[in-house]
Amino acid sequence: MPTSQRRRRLVTTTILAALTVGALAAGSTAAGAASVRPLRSVSVQDPLDTGDAIADLRAASVAVSRDREHVTVTARFEQPTSPASQNWWFGSSLPRGGITWGLNTDPASADWQYVAELRGDPVMGAYGYVAKQVNGAYQLTCRADASFDGTSYRVRFPVRCIGGPDRLRFTAYGQLYHDSGSGIIGGDYAPAWGEFSGWLALA
């Protein structure tokens, strides 16, 4: 038998053996895993832009906890900056810089029924909240846990803050300020303006 055929047979045998071991291992843990509901999440990406990297929104996601009690939204800029930054996040005028996750819970609508917001402050750092759209304006429903780990920004809140829907989809939006603290930069969406992520089951 040519050497190349022997090598191919050896590689094939090794792969089959590995798959068999993996299947047996999965079977042995299936009973334990069945009692733990998997974490569900939906992610979106956005292409690299040619603008300012600190406000170039590249990715975002939404996930529901295993007990279905909490939702966590995340986002990532091309060049992350601290929400405690004096100028980029806080700015010198309104609206505040930050990240907005527009949350849609109604399949028949293209509106944001709720928003989750992450804002920054030189003293408090990252802070977050959830608001509901009522007659074209947003009203606070819950304060949320916000954090920044040096790479990603997160906001976590109870499902009840958005009315306890069966499912959820989202659009993420980010804007910050120029180094001077005035003048908005960014205005970037993920996946894109007028588009939503796939649906995330919450029930």
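This is a predicted model: local features need pLDDT of at least 70, side-chain atom pairs count only at pLDDT 80 or more; totals for chains, interfaces and linings use all residues.
Residues are numbered from 1 along each chain as its sequence is written, and side-chain values use heavy atoms, with hydrogens and water left out.

**The whole chain**

Switching to a surface view, the accessible surface comes to about 11000 Å², of which 54% belongs to carbon and sulfur atoms, with areas taken from the Shrake-Rupley method with a 1.4 Å probe and, for residues, only the protein chains shown counting as cover. Of the 203 residues, 39% are buried, where buried means under 20% relative accessible area, exposed over 50%, and partly exposed in between (1.4 Å probe, protein chains only). Among contacts (heavy atoms within 4.5 Å) between residues at least 6 apart in sequence, 57% join residues at least 24 apart.

**Salt bridges**

Next, select R58 and E78, whose side chains meet in a salt bridge at 2.6 Å, N to O. This pair links distant parts of the chain, with R58 in strand β2 (residues 57-64) and E78, 20 residues apart from it, in the loop between β3 (70-77) and α2 (86-90). R58 is buried at 19% relative accessible area, whereas E78 is partly exposed at 33%. The term salt bridge stands for a side-chain nitrogen of Lys or Arg within 4 Å of a carboxyl oxygen of Asp or Glu, and by this rule the count comes to three.

Move on to E117 and R119, which form a salt bridge at 2.7 Å, N to O, and which are both buried. Then select R154 and D149, where the closest N and O atoms of the salt bridge are 2.8 Å apart; here R154 is partly exposed at 32% relative accessibility, and D149 is likewise partly exposed at 48%.

Returning to the loop between β3 and α2, select S85, a buried residue with a relative accessible area of 15%, and follow its side chain to the backbone oxygen of S82 at 2.6 Å.

Now select K132 in strand β6 (residues 125-134), which is partly exposed at 36% relative accessible area. Leaving aside residues up to four places away in sequence, K132 touches Q113, Y114, A137, Y138, Q139 and T141, and the C-alpha atoms of K132 and Q113, 19 residues apart along the chain, are separated by 6.0 Å.

**Backbone geometry**

For the last stops, display the backbone and bear in mind that most residues other than glycine have a negative phi, and most peptide bonds are trans. R68, in the loop between β2 and β3, has a positive phi near 60° and is buried at 9% relative accessibility. N135, in the loop between β6 and β7 (137-148), also has a positive phi, of about 55°, but is exposed at 81% relative accessible area. Finally, select A190 and P191, which are joined by a cis peptide bond with omega of about 10°; P191 lies in the loop between β10 (184-190) and β11 (200-201).

Definitions and conventions. Helices (H or I, at least four residues) and strands (E, at least two) are DSSP runs, numbered from the N terminus. A polar contact is a pair of N or O atoms within 3.5 Å; within protein, one must be able to donate a hydrogen and the other to accept it, and residues adjacent in sequence count only if both atoms are side-chain atoms.
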